[in-house]
2 protein chains.
Amino acid sequence: MAMAYAALNTINEPAERRCNAAAGCVNCGARELSVCAAMPASDMSRVTSIVSHRRADAGETLLNEGDKATHFLNIVDGTVKVYKLLPDGRRQITGFLYPGDLLGLAFNDTYTSTVEALTPVKYCLFPRRQFERVVDEFRPMEKQLLARASNELVAAQEQMVMLGRKTAQEKIASFLMALIDRNRRVNKRSDSVVLTMTRADIADYLGLTTETVSRGFTRLKTEGWIELCAGGKVRVCDVEALSELAAGADR
Amino acid sequence: MAMAYAALNTINEPAERRCNAAAGCVNCGARELSVCAAMPASDMSRVTSIVSHRRADAGETLLNEGDKATHFLNIVDGTVKVYKLLPDGRRQITGFLYPGDLLGLAFNDTYTSTVEALTPVKYCLFPRRQFERVVDEFRPMEKQLLARASNELVAAQEQMVMLGRKTAQEKIASFLMALIDRNRRVNKRSDSVVLTMTRADIADYLGLTTETVSRGFTRLKTEGWIELCAGGKVRVCDVEALSELAAGADR
DNA sequence: CGACGGTTTGAGTCCGGTCAATTGTCGTGG
DNA sequence: CCACGACAATTGACCGGACTCAAACCGTCG
């Protein structure tokens, strides 16, 4: 019972915070399921019994849009991109997922997006039916799933504002700021980020072209707000300015 | 117990289908809460005891972005728009809500969007704390909320594709097709829709300007695919063509 | 070293935005 | 019933930001 309350308290916090706050976090501890911060050993063994640990190399596809949705999955290590395609090949990346992120909230009987590894990835695979049974039996998990879905909806709406109303430059600034904010939450250095994705990926995420993204970065560089280092590393010199641009103060 | 299963079966269906399928649907019956198709009288009285029925005229604001999130609400009659603003006034409408739609899945401690009535609106207001207690006590409701959130996430991703990768003409076609699909689900005439929102609203939903939306409509008209009638009514003559354009077969 | 994929840079085009004027619609009141 | 005003919708002319096409420039890895 006390356990249940511990889990309930974390409901409206982002995944990263939860992980750091709770010593018993399954993701950071056993690295299996990041949804429940405090799970009794009995339930945990149920989870352990249905999970299968997998790996994928960069470029490999984890899930295919349109396939029957048989599994939930949990990213343990690495980065993946989630995208949808139009019939003629135009692509929209709806999100990049990092360790601790869960995949499976946003589909019904078939997967509605394709998921592809950007880096070598470790992940956990849960047969959907069995996973749902565990959720049925351990109620705090359902609460957490709902809380996560709620958070993702908020993020999705933010993304819509970006796609629909921000300029190219603002989009790029928003993208960088989102990465910085994420770094802050997992307590890394906040003034530099590593881009594991290509310019084309960033473009497909921001609703732009590779060329425009590239031009955007060089412009931020010449204005002295960022530095482009080797290995896709970006050092942000003027977080303040970048943040203001990202917010969309004015055109 | 049998009740619980009845509710569980409807999990991955859209709200409209649920309403029509279940005779005891709270929304279509008592018009109070559309989340649970089959709720025991005892729980239902709990719901009834915390709800307050409200009305709003067109143009009135139901919720304000940034305000403390004290309530959930359920649209009973009319249409509302949900939007976010950038500091300089640019606006992105993230969705239009219709009877049966629920508001409250996508916010945490403060409202993340503003909600405004497009037509005179009837809605139900639930104090958040008490609402959550009811959810705690009637588990199928939590499952339904999760299912809804999941559906909304899928829709949000579809929206991102539209905003990021579709042309103006395709956006307009997608918008009309979405309205037609919705009409079909609630069993209305499928070949005509009524636009309760202005061109400016449509523009802010599609990430365009009023002028572009207007031009888009007239072009669809001159091509003979739609007819613009009085009272904001749009008759779709060639659903096939419109649907193909909306899907984004090619530019 | 050379090949290959990713990135940057350049020149030109076009889609959708901007600004401005006109037309249409609807509710109100004389 | 019609005239009027306010606001929405349409249409036109022009502009500009992002796209397209193309070439040059990397960095990495066999």
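How many Å separate a phosphate oxygen of DNA strand C from an N or O atom in the side chain of B:Thr212? The distance is 2.4 Å. The model is predicted: local features need pLDDT of at least 70, side-chain atom pairs count only at pLDDT 80 or more, and totals for chains, interfaces and linings use all residues. Residues are numbered from 1 along each chain as its sequence is written, chains are lettered from A and ligands numbered from 1 in the order in which they are written, and side-chain values use heavy atoms, with hydrogens and water left out.

**DNA strand C**

- Around DNA strand C there are 17 residues, where near means that a heavy atom of the residue lies within 4 Å of the strand.
- A:Arg199, A:Ser214, A:Thr218, B:Ala168 and B:Thr212 come nearest.
- Sugar or phosphate accounts for 62% of the atoms of DNA strand C within 4 Å of the protein, and bases for the rest.
- A polar side-chain atom of A:Ser214 sits 2.8 Å from a phosphate oxygen of DNA strand C.
- For B:Thr209, an N or O atom in the side chain is 3.2 Å from a phosphate oxygen of DNA strand C.
- Helix 8 of chain A and helix 8 of chain B are the elements that give two or more residues to this surface. Helices (H or I, at least four residues) and strands (E, at least two) are DSSP runs, numbered from the N terminus.
- Helix 8 of chain A supplies the largest share, four residues.
- The surface near DNA strand C has three nonpolar, eight polar and six charged residues. Ala, Val, Leu, Ile, Met, Phe, Trp, Tyr, Cys and Pro count as nonpolar, Asp, Glu, Lys and Arg as charged, and the others, Gly among them, as polar.

**DNA strand D**

- DNA strand D is surrounded by 16 residues. The closest are A:Ala168, A:Thr212, B:Arg199, B:Ser214 and B:Thr218.
- Of the atoms of DNA strand D within 4 Å of the protein, sugar or phosphate holds 67%, and bases hold the rest.
- Phosphate oxygens of DNA strand D lie 2.7 Å from a polar side-chain atom of B:Arg199 and 3.2 Å from one of A:Thr209.
- A:Arg215 places a polar side-chain atom 3.0 Å from a base oxygen of DNA strand D.
- Two or more residues come from each of helix 8 (210-222) of chain A and helix 8 (210-222) of chain B. Helix 8 of chain B gives the most, with four residues.
- Three nonpolar, seven polar and six charged residues form the surface near DNA strand D.

**Interface of chain B and chain A**

- The contact (heavy atoms within 4.5 Å) takes 50 residues from chain B and 50 residues from chain A.
- The two chains bury about 4,600 Å² between them, 56% of it on carbon and sulfur atoms. Buried area is the accessible area (1.4 Å probe) that two parts lose on being put together, summed over both.
- B:Arg90, B:Met160 and B:Arg165 supply 18% of the area that chain B buries against chain A, more than any other three residues.
- Twelve salt bridges cross the interface, each a side-chain nitrogen of Lys or Arg within 4 Å of a carboxyl oxygen of Asp or Glu.
- One salt bridge joins A:Asp136 to B:Lys143, with the closest N and O atoms 2.7 Å apart.
- On chain B, the elements giving two or more residues to the side that touches chain A are strand 5 (91-97), helix 4 (128-137), helix 5 (139-165) and helix 7 (199-206). Helix 5 of chain B gives the most, with 20 residues.
- That side of chain B has 19 nonpolar, 14 polar and 17 charged residues.

How values were computed:
Polar contact = N/O pair within 3.5 Å; in protein donor to acceptor, adjacent residues only side chain to side chain.
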